[in-house]
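Please open the structure in your viewer and keep the selection tool at hand.

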Amino acid sequence: MPAVDKLLLEEALQDSPQTRSLLSVFEEDAGTLTEYTNQLLQAMQRVYGAQNEMCLATQQLSKQLLAYEKQHFALGKGDEEVISTLHYFSKVVDELNILHSELAKQLADTMVLPIIQFREKDLTEVSTLKDLFGLASNEHDVSMAKYSRLPKRKENEKLKAEVAKEVANARRKQHLSSLQYYCALNALQYRKRVAMMEPMLGYTRGQINFFKKGAEMFSKRMDSFLSSVSDMVQSIQGELDAEAEKMRVSQQDLIAVNESVYIPDSDVTSPAINRNLIQKAGYLNLRNKTGLVTTTWERLYFFTQGGNLMCQPRGAVAGGLIQDLDNCSVMAVDCEDRRYCFQITTPTGKAGITLQAESKKEYEEWICAINNISRQIYLTDNPEAAAIKLNQTALQAVTPITSFGKKHEVHYPSQNVKNTENNKVIPNDLAGIQDSTQLIAPGTPIQFDIVLPATEFLDQNRGGRRANPFGESEDSSRDEEEDSLLQQMFVVRFLGSMAVQSDDTSEVIYEAMRQVLAARAIHNIFRMTESHLMVTSKNLRLIDPQTQVTRTSFELTTVTQFAAHQDNRRLIGFVVHLSEAPGEESMSAYVFESNTEGEKICYAISLGKEIIEAQKDPEALAQLMKSVPLTNDGKFVLLNDQSEEDGAMREEGEESEA
């Protein structure tokens, strides 16, 4: 049997959003299994009770067996043999339809009873453990909130010890309940396979043993099949027993850990602090203002990604941007008589967000990590060595320096785009929604980085003009921009790309978005490369925001599909169709996250393609350009009210870079 998906018991204590997200997939699978088990049980009870209508009942059972394949299990990998086995059983039921009569005792003992035991024992156990895990998790959150409210200055050591002990007990209880819950969900992946096939073994054997004619018709043909199914069930049961023993040993090892892992701020006097971090992740309390004088604190999971501070709530697939850390400052602050608070200030001096760590070690490491990131040392060739050198003289609060040139600031004005209800900018799908395997081949690799790092083109010790590593002259690039009737820039971040098999429908873009985001969540990939997407009437160009170098370019005529995500409107994707050699073609889907609505980018691409078509007919081109506002010089299409300001900013960026 293929390998079974499992929850890692080692990650139960950390209880990270990634683990919670994966846990939700297992819970969804268990819910789907419960629903299907109830349906299957109803079908079996109908066979048992419909003594006078056995023929009709067996037909329903046959259909229900085939329905297992259509159940959308979140963890359906490895069910192919189960599906094929159930398909064969369905054929047997159809052939025995005319021979069925009352089999009440045998059907009750060999078919109905096992599935009832599976539902009442295994599925009920999972549901109970889920409730216990939720109660333990809530209890831990309450104890952590109580611990976080301990006063800083007039600290009662006895009270602190009692609260810390309460937190440790709650954390231990949550850890134990999560281990039991994870083990039950892992075991359910084995038990569901046995539970689906064992009742059908009893059903088929009862039919053959009860009817002499059925035995004469099917015994020789069915013996080998039933034997193989029995061997399969025994094999799965053996795997379950081995896995249960392995999880039991692992659970004991994880429980037998040092008590310090449960106690927050266990080593206050001399914690081991790493001041050379350029990446950091963990839970922090975020201060939110709810009124003029009232505030609330929310415990969230934070992590750094390049020069950004990200936040990811529990159960979320990916994190969101909280603060740009480049050129920011961080310092310790006194806030509401809470301990271990620090504040991030923007480069303009405006107060940003206020956070609270749960221990002195976390508090100082977060300050050091943000300080290192704010100085942009993560862009250097050896960030660790630069951080060590930088932190030889540690400070409590740091005003960041600009080792590299500041990023070009790009404003994102509201754009006067066409009404998407009246003028659709997303191509209409062709008839029907294709299967995902017809759109993207199973196992297609995903590329998470399309460009080279910006530091390869950024050398502050180098004088003179910047050399273009792609061999393109700046004059030719500028001439191309001047000849283009459309020029619009968007700030995007590359999420991933993959080969696709079809470009007939925008569903291929949605499927690529789903697979890319799922792969990032499963493999904990948070790094994204920021670029400027320049949409012209000739091509799409990705430009490095630091160096203004064109990272890659796509001819607009090769872009065959483009669409924004229906729910997350900041997700944008397009399909590029290229002819590599005579008779050989390749199609690739590219997925980006934009700072603006993806529909605006789709509108710009659609307008560019309309311009290309209209250029074949001068009259049509003139009519099209009359309907679209232009800039004051009449060269470029005006898509928003501040296009001229964006153009001025880009010119200033080019002059400062020169």
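This is a predicted model: local features need pLDDT of at least 70, side-chain atom pairs count only at pLDDT 80 or more; totals for chains, interfaces and linings use all residues.

Helices (H or I, at least four residues) and strands (E, at least two) are DSSP runs, numbered from the N terminus. Residues are numbered from 1 along each chain as its sequence is written, and side-chain values use heavy atoms, with hydrogens and water left out.

**The whole chain**

Colour the chain by accessibility. Buried means under 20% relative accessible area, exposed over 50%, and partly exposed in between (1.4 Å probe, protein chains only). Of the 658 residues in the chain, 47% are buried. Contact means heavy atoms within 4.5 Å. Among the contacts with a separation of 6 or more, 71% join residues 24 or more positions apart.

**Helices H2 and H3**

Two packed helices are described by the angle between their axes and the distance between the axes. Axes are lines fitted to C-alpha atoms, for helices over the stretch in contact, and angles run from 0 to 180 degrees between N-to-C directions. Select residues 54–66, helix H2, and residues 80–95, helix H3: their axes come within 8 Å and cross at roughly 165°. H2 is therefore roughly antiparallel to H3. (Angles under 35 degrees count as roughly parallel, over 145 as roughly antiparallel, 65 to 115 as roughly perpendicular and the rest as oblique.) The crossing of H2 and H3 is left-handed, a term used if the near helix is turned anticlockwise from the far one by less than a right angle, with right-handed used if clockwise.

Next, show the side chains at this contact. From H2 come Thr 58, Ser 62, Leu 65 and Leu 66, which meet Leu 86, His 87, Phe 89, Ser 90, Val 93 and Asp 94 in H3. These residues divide into 5 nonpolar, 4 polar and 1 charged. Here Ala, Val, Leu, Ile, Met, Phe, Trp, Tyr, Cys and Pro count as nonpolar, Asp, Glu, Lys and Arg as charged, and the others, Gly among them, as polar.

**Helices H4 and H5**

Move to H4 and H5, whose axes come within 8 Å and cross at roughly 165°. H4 is therefore roughly antiparallel to H5. The contact of H4 with H5 comprises 26 nonpolar, 11 polar and 11 charged residues.

**The nonpolar cores**

A nonpolar core is a set of buried Ala, Val, Leu, Ile, Met, Phe, Trp, Tyr and Cys residues joined through side-chain atoms within 4.5 Å. Which residues have the most contacts inside the largest nonpolar core? They are Leu 61 and Met 196, in a core of 68 residues. H5 gives the most to this core, with 17 residues. Select Met 196: beyond its neighbours within four places in sequence, its contacts include Leu 33, Tyr 36, Val 82 and Phe 118. A second, separate core of 26 residues includes Val 492, Leu 556, Tyr 603 and Ile 611.

**Two final stops**

Select Ala 351, which lies in strand E7 (residues 351–356). Ala 351 counts as partly exposed because its relative accessibility is 47%. Apart from its neighbours within four places in sequence, Ala 351 contacts Gln 343, Ile 344 and Thr 345.

Finally, select Ser 270, in the loop between H6 and strand E1 (281–289). Ser 270 counts as exposed, at 51% relative accessibility. Ser 270 and Lys 361 are 91 residues apart in sequence, and their C-alpha atoms are 8.8 Å apart in space.
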